[in-house]
Amino acid sequence: MGWRGGVGRLAVVLGAVQLFALRPCLAAAPEDCGFSFSEVAAETGLRFQHDAGAAGGLHLPETMGAGVAWIDFDGDGWLDLYLVQSGPFPPDGGAAADRLFRNLGPDEAGEFRFVPAGAGDLASGYGQGVVAADVDGDRDVDLLVSHYGPTVLLRNDGAGQFAPAETLSAAGEDEFSWGSSMALADADGDGDIDLYVSRYLDYDPEHGLDCRRDGPDSPPEVCDPSLFVGQHDRYYVNRGSEGFEDETEAAGLGGADGKGLGVLFADLDSDGWPDLYVANDLTLNLLYRNRGDGSFDDLSLLAGAAVNRNGRPEAGMGLAVADFDVDGDPDLAVTNFDVETNTLYRNVGRAAGMLFEDASATTGFGQPSFNLLGFGIVAEDFDRDGALDVYVANGHIFASPRRDNTEHRQRNLLLRGVGDPDPGRFLEIRCAWTEEEPLVSRGAAVADFDNDGDADLAVTANDGPARLWRNDTPGPAGATWLGLELRSHSPNTQATGAVATLTGAGEQPPARRWVTRGDSYQSSSGHRVRWAVPAGGSPSRLDLRWPSGQRTRIVDPPAGAYLVVEERP
């Protein structure tokens, strides 16, 4: 039965719960690595080729895009895909538009169909990042798209179309604005969701630099990012029908100029307010604690998440937030340049305040990425064994990398979470599908596009094809799953900022999920969260903390389905 299937009500719930019966998981023989994924872009009709628009100028923006967003834009319960396009560079007004693909659902065997321009305006320009969220509270999911150029808002009209793009203005706008990743949360507590845009370099296409590795007779190449200054990031307060207003300075974020590439909002100290974390390239990562009034304190160095364990800033790109060690606190994962390794910042806990420690070496998280350059990153229990796994999209920015054993096109990285008895540790898993035809991968976003209860992957490549990886991993014998979609009051209808905790029977520790909008690198994952339910076990309690502070408890939630839970009035 499809997403619009049977509806039921659980009397123990404070609020309304809808239970949707979905078709069973796809049966597939596991690969030797234990994770079975099938690349199904072509067979499902998802045909997209990113165009960097390179014309021989060797420009840095040509190496950095672009992202992907999962969005149920037509409200039918099946997640669609929005893919960001770029070229040509420098932008000349003739850029190709982004692409939107509608998920046709169970009746069409999981196919995607390109939505032509006549179905609504999409963004055009030299695209970089995208995030999907209901920004105006009308329960139709909108899009924000960043560019080398302006950041724009596409409002969903609820009839399968988007209104013409609205350009977000900024005080003291740079001549060459370059937006990257974006994230949203109700940072000021007024009920709607606000926007943060990480911005990269002050890059003039006519910069006049001639960059060569081995002297004047060697071939020219893309200039190193260290030769350019960073741009100031932008923080926008949501003004409803009036759009977004730049409040960067008023919020205490005027100093955020660290060559930003990744950003996320999450309540890192469990005080009920979304905090802010920014991954910067070559400069300190930024961590801002929300004061509880929409303004922020810079705790970057004091919190321990600005530099690595050696006290050095790294080349941060993508971000993920999750409770990897299952202690109830959100940890932070950052992708970095080759040789630096990716970084896992473990949250020390509430008793220590806002404090993190670099656990990359001791957990097995860092070493497998040594010869890889990471961008997009997602955390999900792909094999449904109860431990969070990590997938990283890799690809270099230089056509001829400067270090041995490092390539331009790279395999992607899969880390399996070890789980009990030592949660928070990782082992690299080498699978044929992660190493199939290496690309210059960039964006990565996770969602259950076929509604079978496991997590699938959309991965983009710079100047290459988008890939859709369907998860066919059967999981442990007898194991099942539980999924959750939250619906809150308008204007924050998707309950962005909510925290959901599933407690299982027996000795299994509670597993916590954070509902975020904007993650990974220039990308936006699906709005639902999932948990594995082990064989012979059953969920005993689901506890929800809504962005409003209200709490809901669901006793004995049924497994094998997505629960749609509405916040009570």
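Tutor: This is a predicted model, and a search of the whole structure finds 21 aromatic pairs.

Student: What makes Phe89 and Tyr148 a pair, and of which kind?

Tutor: Ring centres must lie within 6.5 Å to pair, and planes over 60 degrees apart count as edge-to-face. The centres of Phe89 and Tyr148 are 5.0 Å apart and the planes stand at 65°, so this is an edge-to-face pair. Phe89 lies in the loop between strands S4 and S5, and Tyr148 in the loop between S8 and S9, so the pair ties together parts 59 residues apart in sequence. Phe89 and Tyr148 are both buried.

Student: How do you know which kind of pair Phe375 and Tyr521 form?

Tutor: By the same cut-offs. With ring centres 4.9 Å apart and planes at 70°, Phe375 and Tyr521 are edge-to-face. Phe375 belongs to strand S23 and Tyr521 to the loop between S32 and S33, so this pair ties together parts 146 residues apart in sequence. Phe375 and Tyr521 are buried as well.

Student: What sits over the ring of Phe398?

Tutor: The charged end of Arg402, 4.2 Å from the ring centre. The distance limit for this label is 6 Å, with a condition on the angle to the ring normal too. Arg528 likewise has its charged end over a ring, that of Tyr562, at 5.1 Å from the centre.

Student: Why is Val237 called buried?

Tutor: Buried means under 20% relative accessible area. Val237 has 6% relative accessibility, so it counts as buried. Val237 is part of strand S13, residues 234–238. Leaving out residues up to four places away in sequence, Val237 touches Asp188, Asp194, Gly243, Phe244, Glu245 and Glu247.

Student: What makes both faces of strand S20 count as covered?

Tutor: Asp331 and Ala333 on one side are buried, and so are Leu332 and Val334 on the other. Strand S19 pairs with S20 in the antiparallel sense over four bridges, with Ala322 bridged to Asp331. Strand S21 is joined to S20 by three bridges, again antiparallel, and there Leu332 stands opposite Tyr345.

Student: How do you know that S28 and S29 pair?

Tutor: At least two bridges are needed. S28 (residues 456–461) and S29 (residues 467–471) have three, in the antiparallel sense. Ala458 stands opposite Leu468 in S29.

Student: What is the order of strands in the open sheet?

Tutor: The four strands run S2-S29-S28-S27, with antiparallel pairing. S2 and S27 each have a single partner strand, so they stand at the edges, and one side of each is left without a neighbour in the sheet. Neighbouring strands here are turned by 20° against each other on average, direction ignored.

Student: How confident is the predictor, and where is the pLDDT below 50?

Tutor: The average pLDDT is 90, and 92% of the residues score at least 70. Over residues 1–31 the pLDDT is below 50, although this stretch has 93 contacts in the model beyond near neighbours in sequence. Where pLDDT is low, predicted coordinates should not be read in detail.

Note on methods
Residues are numbered from 1 along each chain as its sequence is written. This is a predicted model: local features need pLDDT of at least 70, side-chain atom pairs count only at pLDDT 80 or more; totals for chains, interfaces and linings use all residues. Side-chain values use heavy atoms; hydrogens and water are left out. Helices (H or I, at least four residues) and strands (E, at least two) are DSSP runs, numbered from the N terminus. Axes are lines fitted to C-alpha atoms, for helices over the stretch in contact, and angles run from 0 to 180 degrees between N-to-C directions. Rings of Phe, Tyr and Trp (its six-membered ring) pair if their centres lie within 6.5 Å; planes under 30 degrees apart count as stacked, over 60 as edge-to-face and the rest as tilted. Buried means under 20% relative accessible area, exposed over 50%, partly exposed in between (1.4 Å probe, protein chains only). A charge sits over a ring if NZ of Lys or CZ of Arg is within 6 Å of the ring centre and within 35 degrees of the ring normal. pLDDT is the predictor's confidence in each residue, from 0 to 100. Contact means heavy atoms within 4.5 Å.
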